[in-house]
Amino acid sequence: MPSIAREVVLGVGAGIAAYKSCELLRRLQDRGYVITVVPTPASLNFVGAATWQALSGRSVATQVWENSHEVSHISLANRASYFLIAPATADLIARIAVGRADDLLTNLILASNAPIMIVPAMHPQMWNDVATKANVATLRSRGFLVMEPDIGRLTGSDSGQGRFPAVASIIERFDEFTGNVRDLEGKKILISGGGTREAIDAVRFIGNRSSGKQSIALAAAAALRGAEVKLVAANLDTSSLGTLAVHHVESTAQMRLALAEEFASCDILIMCAAVADAKPLRSTLGKIKKALYTSIELEPNPDLLAELSGEKANQIMIGFAAETSDLIPSARVKLESKGLDIIYVNDVSDGAIFGKETTSGIILTRTGEEIALKEVSKDALAHLLLDHALRQLG
Ligand code: CTP
């Protein structure tokens, strides 16, 4: 089953239409694409780095040497599944056509093999100039998708072909370009992720090492495929998901309330969160002094999945399990006891730790299927689980 890639570099050229790409970015995030914005240095005259940073939830650089300690340009180029350059000026198109690498964006374009879609916006005389025409023809001959600009009035009194196309039509072309299948349109998917924390006192808590990356991948994949997504996020940074609906929670009790609110109306529940199995019997509002901090009495938390499966109507329920031995028998027991349709059992033996980019394990279904996965990306697992859930929904 192919994974639907969603890491996109949004390149922004120095045109007035740059401000429209803020909206474009938001709408792309709504559809589950995860965006890194790479503006050209001159484009910051139109929209500043702080805006792109706030909207994308990721750091923004215009030159190769900025932030290179965080993400090198080669790793960013390798990570991107697609490039969308919008708006592209005549100058940017020319620089790409001749293979220059004089800023971060053009470096990335040279260093990456990802498919590139270009959305030009410029004055009609520049668009119709023979040099621009030749550059666009060169890019198209190399497999770039170059959209035609719209015809109409420009920022000044002039009109002609050169306008930045409507955001909706850019998105339509981009979805076609990436092969984005909207097979979850009309479905409501409730996902829990992260790890719950149980307060011991004002400063301490019982928590776990769940990174929440799998739930972010699931939320983005489901949104990309057209689902209405609700994410209940325990202690998780969800900024890369843009405007997706998120309930932020801290404790198991808060997660229980948020899930109860959403469960009845969902079609699929994916319980990806690492729920703290127990909480302190007593938690103190103030800070416990270290001399008195010697033992903690615990009481069990409710099993949220088991509780919800008792209220299940037609929902498909997916659970996760982390095991070090007897993977399949242990997971089958959980599948039955928690009333699940699908369980993904994560193999956390041989030191596999939370927070990795890949996962190894087995998908087990109520209908007896067993699909073993070795070192696949969390995106790929997200899409596989959604494929199975959709099949079971019928
Ligand atoms: N889960 C839950 N409520 C809990 C504990 C776990 O809903 N209090 C869910 C998790 O979100 C996961 C699944 O149950 O989808 C399995 O979690 P796991 O921790 O592997 O299993 P446990 O039931 O806690 O069993 P054990 O720790 O004994 O393996």
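Two strands are taken to pair if DSSP finds at least two bridges between them; helices (H or I, at least four residues) and strands (E, at least two) are DSSP runs, numbered from the N terminus. The model described here is predicted: local features need pLDDT of at least 70, side-chain atom pairs count only at pLDDT 80 or more, and totals for chains, interfaces and linings use all residues. Residues are numbered from 1 along each chain as its sequence is written, and side-chain values use heavy atoms, with hydrogens and water left out.

The protein has 13 helices and 19 strands. Of its 394 residues, 50% count as buried, that is, under 20% relative accessible area with a 1.4 Å probe, protein chains only.

An open sheet of mixed pairing is formed by eight strands in the order β12-β11-β8-β13-β16-β17-β18-β19. Because β12 (245–249) and β19 (370–377) stand at the edges with a single partner strand each, one side of each is left without a neighbour in the sheet. Neighbouring strands are turned by 20° against each other on average, direction ignored; axes are lines fitted to C-alpha atoms, for helices over the stretch in contact, and angles run from 0 to 180 degrees between N-to-C directions.

Within this sheet, β8 (residues 188–194) and β11 (residues 228–234) run parallel and are joined by seven bridges. Ser 192 has Val 232 in β11 as its bridge partner.

Helix α9 (residues 213–224) lies across β8, β11, β13, β16 and β18, at about 160° to β8. Helix α13 (residues 378–393) packs on the sheet, touching strands including β17 and β19, where contact means heavy atoms within 4.5 Å. The direction of α13 makes about 150° with that of β19.
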